[in-house]
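Me: I would like to go through a protein structure step by step. Could you show it and then take my questions?

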Amino acid sequence: MTELQLKPKARRFRLYPEYKDSGVEWLGKIPVHWDIAPLKRRFRVVNGATPKSGEPDYWDGDIVWVTPDDLGSLSSPILGDSARKITHEGHLSCGTTLVPAGSLVLSTRAPIGHLAMTAVDFCTNQGCRSLLFRRPGSERFSYYQMTGAKRELQSWGQGSTFKELAKNKLEAIPLAEPPANEQRTIATFLDRETAKIDALVAKKERLIELLEEKRTALITYAVTKGLDPDVPMRDPSVESFGKVPSHWEVGSLVRWWQVIDCKHRTVPFLDEGVPVASIGEVHGLDLDLSHANRTSVEEYQQMIEGGRK
């Protein structure tokens, strides 16, 4: 499915009488009565920081301390907790700012664009920035707008090792400014429509779980009972198997396979030679060695001999 196909159909939305060019590439045309303003007009942007990791008095307190990982693991738009918390002393030690509940928090480093509305007072590490509303009433609309601006936020990131969205860049990002009543109407519409989509996703996820369970059960039955329902069965010596066809043998894996364990062995890598598989080369049932590291035949033989069981 292409990006064009994913866009909502125009007939679902009532057109405004007149539009104008916003002058902003990512926004395109907007209703003529909407304004354009930099992000800093709507939000006060607050940086985060991290207490010293080796100071036990700074950690395991009761202050929620948000990182990009916390945002990335969310299953809803609301953040109410964090994996790690800091103490009052930890908060004072590093200069991170305590932000009131009802603000937005955005990851601006590794990766850029994770977003949440907050249900508790919180602070963040330096991989996130907090967005404090300058005026109330636009919280839900702003959440949806910032979600829709994710690609634009990412495009403003800079850095060679990892991309980071600097505070001054974030503050300068242009946003559309509908009147307050339209912001509420748009947010209510999106609440309703995204809830429908979330419900469909949950149903699909449950269906996928059931199909995966069915697939596993089918495979397990076929390889432990066979395909003939009328074949004589017997109890094997392995209790977990249950009954098996009477003419089948049952034994440990090493009876038919040679197990080689090379996980604690290292070899020099070469431009050519025998491919050395790692977890990165495993894709479902396939093993793709086209980009695997390689080593010499001699190193390969030593590794195999040393890993035999």
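This is a predicted model: local features need pLDDT of at least 70, side-chain atom pairs count only at pLDDT 80 or more; totals for chains, interfaces and linings use all residues.

Me: How far apart are the end C-alpha atoms of helix 8?
Reply: Helices (H or I, at least four residues) and strands (E, at least two) are DSSP runs, numbered from the N terminus. Helix 8 covers residues 180–225, which is 46 residues. The expected span is 1.5 Å times one less than the number of residues.

Me: Which elements do the buried residues of helix 8 pack against?
Reply: Buried means under 20% relative accessible area, exposed over 50%, and partly exposed in between (1.4 Å probe, protein chains only). In helix 8 the buried residues are Glu182, Gln183, Ala187, Glu193, Thr224 and Lys225. Contact means heavy atoms within 4.5 Å. The packing partners are helix 5 (139–148), strand 12 (174–177), strand 13 (233–234) and strand 14.

Me: Why are Lys196 and Glu193 about one helical turn apart?
Reply: An α-helix has 3.6 residues a turn, so residues three or four places apart point the same way. Lys196 is partly exposed at 46%, whereas Glu193 is buried at 14%. They are about one turn apart because their spacing in helix 8 is three residues.

Me: How many residues apart are Arg109 and Glu164?
Reply: Arg109 and Glu164 form a salt bridge, with the closest N and O atoms 3.2 Å apart. Arg109 sits in the loop between strand 8 (104–108) and strand 9 (112–118), and Glu164 in the loop between helix 6 (150–155) and helix 7 (167–172), so the pair links distant parts of the chain, apart by 55 residues.

Me: Which residues form a network of salt bridges?
Reply: Start with Glu177 and Arg135, whose closest N and O atoms are 3.0 Å apart. Glu177 lies in strand 12 and Arg135 in the loop between strand 11 (128–133) and helix 5, so the pair ties together parts 42 residues apart in sequence. Glu177 is buried at 8%, while Arg135 is partly exposed at 39%. The linked residues are Arg42, Arg135 and Glu177.

Me: Which residue in strand 10 is the bridge partner of Val64?
Reply: Two strands pair if DSSP finds at least two bridges between them. Strand 5 (residues 59–66) and strand 10 run parallel and are joined by three bridges. The partner of Val64 is Phe122.

Me: Is Val254 buried or exposed?
Reply: Val254 is found in the loop between strand 14 (244–245) and strand 15 (274–276). With a relative accessible area of 57%, Val254 is exposed.

How values were computed
Residues are numbered from 1 along each chain as its sequence is written. Side-chain values use heavy atoms; hydrogens and water are left out. A salt bridge is a side-chain nitrogen of Lys or Arg within 4 Å of a carboxyl oxygen of Asp or Glu.
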